[in-house]
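Please read them with the structure open.

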Number of protein chains: 2
Amino acid sequence: MDDDVPPGDASPTPRPKARRPRKGTAERRAEILRAAANTFGSKGYKNGSLTDVAEQVGITHAGVLHHFGTKEQLLIEVLEYRDKEDVRDLEGQHIPGGQELFAHLVRTARMNVDRRGIVQGYSVLTGESVTENHPARAWVTERFEVLRGEIADAIDDISGGRVPHQDAVLAASAIIGVMDGLQVQWLLDETVDLPESTTFAIEAILSATLVKGHAPRTETTQ
Amino acid sequence: MDDDVPPGDASPTPRPKARRPRKGTAERRAEILRAAANTFGSKGYKNGSLTDVAEQVGITHAGVLHHFGTKEQLLIEVLEYRDKEDVRDLEGQHIPGGQELFAHLVRTARMNVDRRGIVQGYSVLTGESVTENHPARAWVTERFEVLRGEIADAIDDISGGRVPHQDAVLAASAIIGVMDGLQVQWLLDETVDLPESTTFAIEAILSATLVKGHAPRTETTQ
DNA sequence: CACACATTACTAACTTGTCAGTAAGGCCGA
DNA sequence: TCGGCCTTACTGACAAGTTAGTAATGTGTG
């Protein structure tokens, strides 16, 4: 191979490493992500194979790897994709605060009955994530952390600060806990009334928390 | 080697299919079961291998298969073993009823902080079990069913039947839900106060349930 | 001895990931 | 607009490692 470079003007266009995907690529990737979400959801991350994902979009597993590099990267992008999708149909951009948040949680539980696949995916992945070095572990952990913070803030908000923040966090953990725990029970046995039980529990925890912060008498500043 | 069999008394004991295990076999099996519980607990059923289990007791994976036949059978026996172990140190034989049950649940949550492995095993397996055709699915489902029944009965008991059974079941599901859901959060983030949050939630749900059944006025039979 | 228990050796099925090669898209210069 | 030409998108074959389960063979105990 001849190596001689044209003397003067080497590299007139300073193209560092621009990747220019083709026209339908973005949609293709989204297709794969949906398929992967489906597979990881029904079979778990460890048990769901790349071939399984690939077949759903009519390509080979090597094709999937072409787009995502590794299986782990695919999982990460699935999670990010889910995050975006989740917030998409939400009014503003963030999850609401105050009283509105709890209405949102109850509404979500109600909606989840018609989104079995999503719920299953979430449950399987959450359960799997507590194993050693699971690639979704950080994501799940952070998700819980953020959610606890938001719910605790909402409690602070509607209680006007009468509830000690520590108690608010305690209640927030419990609320997330019931929601997740009930989902698993419901997935295994549809006779479990997911929305009713969730609603009931959230109200119970919430009212107990607020009562606790109600203070026997006046306790404004001190 | 010479093949000639002693002429007369061949097989004086007519045992067609009797298995007579050796001396230490029972303990050996128990050892394997504990190892398997450990492996399935930390890595999940799908991800935990027979070799992994075998190495913990100093044999090969084929040795494990000699005792249990298949990996699935091993899992089933692990679950049965756990069931027996769980009830072993309990006073009578069954989980208590009435007020005592809730005290027991809270006590369990408190103990679980020092049994991380057990909790992880339970969480991973429960999450995995919602996947299609999972070998532990029936076991987990039944376990939930029984537990819901026992808790609902306890509520019926301490409320003196004032709470509609339907509501009791609703509350029972929720109580199991918080316990399981909080465990997962705690496994991922130790700052989550497992016993406190669990205790608080159980009390909240319980009191809300009883208040609901308190009846505005007299409502004895109708 | 006979058999429970265990090993070694092996198979068949899968796994993720790599690689070379092919077909076609899209930009650029003439 | 035509013809190069590099890149993207993908396949098919294969590598290297798992896995569960089987079969043949030892060995020590009852």
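Which element gives the largest share of the surface near DNA strand D?

1. The model is predicted, and the points here should be read with that in mind. The answer to the opening question is α3(A), with 4 residues. In total, 22 residues surround DNA strand D. The closest are A:Arg22, A:Thr25, A:Thr60, A:His67 and B:Lys71.

2. Sugar and phosphate account for 65% of the atoms of DNA strand D that lie within 4 Å of the protein, and bases make up the rest. In one, an N or O atom in the side chain of A:Thr60 is 2.8 Å from a phosphate oxygen. In the other, a polar backbone atom of B:Leu50 is 3.2 Å from a phosphate oxygen. A base is also reached: a base nitrogen of DNA strand D is 2.9 Å from an N or O atom in the side chain of B:His61.

3. Two or more residues of the surface near DNA strand D come from each of α1 (25-43) and α3 (61-68) of chain A, and α3 (61-68) of chain B. Sorted by class, this surface has 10 polar, 7 charged and 5 nonpolar residues.

4. The largest cavity holds about 190 Å³. It is lined by 17 residues, and those closest to its centre are A:Asp180, A:Val184, B:Ser123, B:Asp180 and B:Val184.

5. Both chains contribute to that lining. At least two residues each are supplied by α6 (116-129) and α8 (165-188) of chain A, and by α6 (116-128) and α8 (165-188) of chain B. By class, the lining of the largest cavity has 10 polar, 5 nonpolar and 2 charged residues.

6. How are the chains related?

Definitions and conventions:
Residues numbered from 1 in each chain as written. Chains lettered and ligands numbered in written order. Predicted model: local features only at pLDDT ≥ 70, side-chain atom pairs only at ≥ 80, totals over all residues. Heavy atoms only, no water. Near = heavy atom within 4 Å. Polar contact = N/O pair within 3.5 Å; in protein donor to acceptor, adjacent residues only side chain to side chain. Nonpolar A, V, L, I, M, F, W, Y, C, P; charged D, E, K, R; others polar. 1 Å grid on protein atoms, 1.4 Å probe; cavity = no way out; pocket = protein on both sides within 12 Å on 5 of 7 lines; lining within 4 Å. Points joined across faces, edges and corners; volume = space filled by probe spheres on them.
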